[in-house]
Protein chains: 2
Amino acid sequence: MKIINNKTEAIEELKRISTRTNSENNNKINKIVEEILQEVKISGDNAVEKYTKKFDGFDPNPMQVNADQIKNAWDEIDNNLKRSLEEAHKRIQKFHEKEIPQSFTIKGEYGDIVQRRWKPVKNAGIYIPGGRAAYPSTVLMNAIPAKVAGVAEIIMVSPGNKEGEINKTVLAAAHLSGINKVFRIGGAQAIGALAFGTNQINKVDVISGPGNIYVTTAKKLIYGSTGIDSLAGPSEILIIADETAQSTHIASDLLAQAEHDPLASSILLTTSKNQAKEVLEELYKKIEDHPRKEICMQSINNWGSIVICENSEQCVELSNNFAPEHLEILTVDPKKILAGIENAGAIFLGKWTPEAVGDYLAGPNHTLPTSGNSRFSGSLGVETFMKNSSIIEFNEESLKVNSLDIINLAKSEGLHSHANSVQIRFED
Amino acid sequence: MKIINNKTEAIEELKRISTRTNSENNNKINKIVEEILQEVKISGDNAVEKYTKKFDGFDPNPMQVNADQIKNAWDEIDNNLKRSLEEAHKRIQKFHEKEIPQSFTIKGEYGDIVQRRWKPVKNAGIYIPGGRAAYPSTVLMNAIPAKVAGVAEIIMVSPGNKEGEINKTVLAAAHLSGINKVFRIGGAQAIGALAFGTNQINKVDVISGPGNIYVTTAKKLIYGSTGIDSLAGPSEILIIADETAQSTHIASDLLAQAEHDPLASSILLTTSKNQAKEVLEELYKKIEDHPRKEICMQSINNWGSIVICENSEQCVELSNNFAPEHLEILTVDPKKILAGIENAGAIFLGKWTPEAVGDYLAGPNHTLPTSGNSRFSGSLGVETFMKNSSIIEFNEESLKVNSLDIINLAKSEGLHSHANSVQIRFED
């Protein structure tokens, strides 16, 4: 990783990072995933079984995890971890309860009524990755919004390990979140099972949760007939700092992103030359002793970046342009910087708010838009699991009063029956 | 069109209708659209020009419609139509103002602050179809929510006719909605121009608006790097009626859907055998004199359906299963039926609320989920043009109080630097 101190070069480099998953393999992956989905659609559980054996190396039958096993997982975890999960659950739930979108009604002067009514979807599937990225926090961040929305049936899928077992803490988090339907399957075949339904797994209305490129591709392909949360890429942090921030904090926070994934990206924009150098040194020092040294090294070397900016305005401009998933502001007056921030999934203000606070328990969801998507989208929320209907009720008078306008507009569009459907009401 | 009076057969038939656009040509269309998008991405305006000449038959340069032309279009339309557009604009704006999602802040007991902040996207592109489906109401239904959201730059694209001209009333509606950037291009190439940006057209954050299968496919392909409203299929109405409804009203309302498009679908679920027969007769009688006879005939014959239900519960069950875009309830007590409705884009209650009321001016958006998607999504709304950011600010005390929980959770996930990023704050 090198230090950049030229704006044009910085823009180029941030663009390279932002588009790092626009892989040329997309067509190949698309084709593989399409085939899996098609087979699950036609052959159901048999196809899920076939691909689980092939990719995960175990026979998934029966797919559903026994209810006792979920309960036992909770009973068996350490008491301190139990309390920490409960505290996180409490704070996340409290925040998400405020997110519930509001139904409303407007009554017109002639008694006509128009409404927007929000309801939960009937059921939802949540995808929890296995392997390196088996995170109990992911369970909370997907299950809680669905529960708060009022979803009656939540189905969790998560790939088993070679022995067909799901991570214990993940199961414990499911228990805490009130989920009792867990299936030990993963990959594109699990997304297919949730989208189309099989004998063992109910078809769901919405699928949320992160996954690898196969899972994300499957979500993209079924989007349009099943609701999804978003298409998440690898994680990113961008830190805006000035000379008042401590280089050791910055290095630690950057590594907290890098340790997730070789494709994760950690970016520092700073107005201090000295700090840039210090952070760079500190980073490689910390990586030396890191339990995930290899992952950190790949992430930092390939997708890490330190940029020296001329002033804080330039930091803000580059940050808005990148539209980061996570943005930490470590400056003398973070709120002053915040005022200029347009695009960011989550914003962490000041020394006492490392990103980990939000990853686990501050309250807001940690599922956030990546790859520049915070330009137009935000966090997973309660509304991910709800839908609205418009309700319209006119009476004779209000239809009469508005009839000419409706007929004028219908005629301007050449829609004969639209006009007729109003006229005919007054012809009886 | 035949009358069905068997539940199993009705379910089959409604499924056939709901999946009518799951065409086997999808792969072919995908490939064509991918190629167009790729070319627009690389060659910009040149590619847009090439495809406009090829598909729309005119040279689009200059692409942007002169500001005077937009203003003149408004000045030149009939005064009655002007007043009707203004009335519709007023009602739609009033309804959408209530949709603005609410930012909120929660202050914790140790002074920590968590926020959800909503902001408009920077700019948006709205796609307005040309040809048979050139509707000024579509302009209002896309432009008003973007304006209410506070979007600074709205770019409208709409394909010109063979002479390169956009429908006058469409331009007038753009003027009324405060849109002054209009480009006379359409198809997948216009979606590409908005998604990637060209010399003449700015890259936008969100693209909304209906279109043919090429436009919709382009929207699906760029979804994930640009925001979109939804993937709309052809329009549908489902009417639940009992013997108290008038057959002539029902027939007129069914045709108001059919006249849009040969692929539009019109469905009646009724508890009255007599009515079923009367509506069938009335339909074909009305089609005989219809100015869009051919379209109506194709739509009704291929995708129309009349089902006799045993009771109102069965109507509700079949309707929820179909999850219609538009639902009219023409029964003795519409609110009683409404109580059981789970899935519907817009619901029209009683004799005095034909769908046309909502299509034009009731207030709610007429862009609604089709093909069963009202199971999990709702109307285009102000939130389509907004995004949220989470803002988190802890202080020394609140981080201290929560530090053990964060560290416990980080360690349970094997994320060393997540834990370290908290610990290090207290080591100075």
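Colleague: Where does UniProt place the feature "binding site" (unreviewed entry)?
Modeller: This is a predicted model, in which local features need pLDDT of at least 70 and side-chain atom pairs count only at pLDDT 80 or more, while totals for chains, interfaces and linings use all residues. Residues are numbered from 1 along each chain as its sequence is written, chains are lettered from A and ligands numbered from 1 in the order written, and side-chain values use heavy atoms, without hydrogens and water. The annotation may be inferred rather than shown by experiment. In the UniProt record the positions are A:S235, A:Q257, A:H260, A:H326, A:D359, A:E413 and A:H418.

Colleague: How far apart are the farthest two C-alpha atoms of these residues?
Modeller: The positions span 184 residues in sequence. They do not all gather at one spot, because the farthest two C-alpha atoms are separated by 56.2 Å.

Colleague: Is A:H418 buried or exposed?
Modeller: A:H418 belongs to helix α17 (residues 416-423) of chain A; a helix is a DSSP run of H or I, at least four residues. Buried means under 20% relative accessible area, exposed over 50%, partly exposed in between (1.4 Å probe, protein chains only). At 1%, A:H418 is therefore buried.

Colleague: Which residue of chain B is in contact with A:D359?
Modeller: A:D359 lies in helix α15 (residues 355-360) of chain A and is buried at 8% relative accessible area. Contact means heavy atoms within 4.5 Å. Neighbours within four places in sequence aside, A:D359 has contacts that include A:H326 and, from chain B, B:H418.

Methods: Helix = DSSP H or I, 4+ residues; strand = E, 2+ residues; numbered from the N terminus.
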